[in-house]
Amino acid sequence: MEGRYSLVERVAALLADEQGTLRKEAPYRVALCYPSPYHVGMSSLGYQAMYREIHEHPGATAERAFLPDDVEAYRRTRTPLFTFESKAPVSSFHMLAFSVAYELEMTGLFSMLELSGIPLLKEERDERHPLVVAGGPLTFSNPDPLEPFVDVLVQGEADDLIHVLLEAAASMEKDALLAHLAGVPGFRVAGRGGKRYHVAKATDSRLPARSAIITPHTELRSMFLIEPERGCSRGCHYCVMRRTTNGGMRTVPPERVLSLIPEHAKRVGLVGAAVTDHPRIVELLRTLVDSGREVGVSSLRADRLTQELVDQLRRGGATNLTVAADGASQRMRDLVDRKHSEEQIIRAAHFAKTAGMRQLKVYNVVGLPLEEDADVDELARFITELSKILPVALGVAPFVAKRNTPLDGAPFAGIREVEGRLERLRKGLKGRAEVRPTSARWAWVEYMLAQCGPEAGLAAMDAWKAGGSFAAFKRAFQERDCQPFIARRVEDGRRRPTEWPRVENVAPPYV
């Protein structure tokens, strides 16, 4: 049986393999929490950026805590959740700051609070307990389900707001602090005000976000992450980071990006919503590869790829080329304003083959409103065509409507319907391409959390307490009467906008 000592030893071993760990004594102590395991959290650029920003604040310090790989081992040994840097109990810190990336990480937040001995519901906490704060990518769309559990929501880009929060938190009692923050743009304090669905924008001087720590124990092994651009200038209807969010894309000059990469970083990841839309991306790639580094790039856009760009990626160590099609057919891509064609994706496959890559990874969605079987059949035909150029791995996710998009309020296609389309794809591509689908059931759970209010967060808590199975979530959503509603559907922005179906406050499809 694993004891407390081995849990501490496991953390110490991870810590020993890190480069760049920050340590600092300061009067105000923040436990920076990530509600997924270490290897996921340390791959998050936003999480690492907050770690750096808190350490740069003169009166504050941050130590990290993650959802343990083995939560039961902590429960069994009655080991309180502790931070990595000092092994201090998370409950001993002034603030717990959670970075939440997406809806299904809510259960990780519950587990971390439980392991810390902190009541889940904010109404059950008092002055003795730390301030519980949440921010992260989820706040760009719908943080409502987090409201019952956190004292403060930091909405949008937190690069500047974290300093405002720390300054106020270090000098005010809790009640006065909450009253103050409710009046500051970017903060939401449930029951006290604060603009809902506000997305704060960081000042350009804070860019680019970049890693503080390099570790081999991540999804992106030993990679230094940095963003050459933030945001996106495109208008894809399903995307929270579309051009209407924070004024579109902001680019960082390659010279500044290069100046911030430490000498010891041998692998560099260029991260952002639209990295290949950066006007000097090839120049930046070439300089990095010429310096002897391996390079990875997120969010490759097929219509921006050239043979030179793909060649630089191959020189930088890439063996697979990954593109997103995001629409089963050209008709669906046109409807969601996804600006690329089959011809451009085929051209990208030829670039990859010429560069000597081994595989093409294509990401797609099924279950968009107005989608038909014929669209899915077109996807199977197209992937078959691609597979004649290069082996293809097709990642398929069921569509989940998000707030602050033109598809906000769109219905979920239905679990049976999505599973039927995935099976249709599998049959159509059998022996031709590898199909990697994500669960239709858990996509529906994500949809309910993405489209409902605080009551969905309470339902998630009920389901977590009942074991966290799909059946538990389904039952909890029914018992809490969770119903998707239209919050803020932003405009399409085209002369001939697509008229998407919407849920008009009717009971959800409990299927």
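User: What handedness does the crossing of helix 15 and helix 17 have?
Analyst: Helix 15 passes helix 17 in a left-handed crossing, a term used if the near helix is turned anticlockwise from the far one by less than a right angle, with right-handed used if clockwise. Helices here are DSSP runs of H or I with at least four residues, and strands are E runs of at least two, numbered from the N terminus. This is a predicted model, in which local features need pLDDT of at least 70 and side-chain atom pairs count only at pLDDT 80 or more, while totals for chains, interfaces and linings use all residues. Residues are numbered from 1 along each chain as its sequence is written, and side-chain values use heavy atoms, with hydrogens and water left out.

User: And at what angle do helix 15 and helix 17 pack?
Analyst: Helix 15 (residues 440-451) and helix 17 (residues 470-479) pack at about 30 degrees, and their axes are 10 Å apart; axes are lines fitted to C-alpha atoms, for helices over the stretch in contact, and angles run from 0 to 180 degrees between N-to-C directions.

User: Which residues meet there?
Analyst: From helix 15, Arg441, Trp442, Trp444, Val445, Met448 and Leu449 meet Phe470, Phe473, Lys474 and Phe477 of helix 17, where contact means heavy atoms within 4.5 Å. The residues of this contact divide into eight nonpolar, no polar and two charged, counting Ala, Val, Leu, Ile, Met, Phe, Trp, Tyr, Cys and Pro as nonpolar, Asp, Glu, Lys and Arg as charged, and the others, Gly among them, as polar.

User: What about helix 13 and helix 14, how does one pass the other?
Analyst: Helix 13 passes helix 14 in a right-handed crossing.

User: Changing topic, how many helices and strands are in the protein chain?
Analyst: The protein chain has 17 helices and 15 strands, and its C-alpha trace spans about 60 × 55 × 50 Å along the principal axes.

User: How much of it is buried?
Analyst: Buried residues make up 58% of the 511 residues, with buried meaning under 20% relative accessible area, exposed over 50% and partly exposed in between (1.4 Å probe, protein chains only).

User: Is Arg496 buried or exposed?
Analyst: Arg496 is exposed, with a relative accessible area of 78%, and it is found in the segment after helix 17. The C-alpha atoms of Arg496 and Val295 are separated by 40 Å, the two residues being 201 residues apart along the chain.
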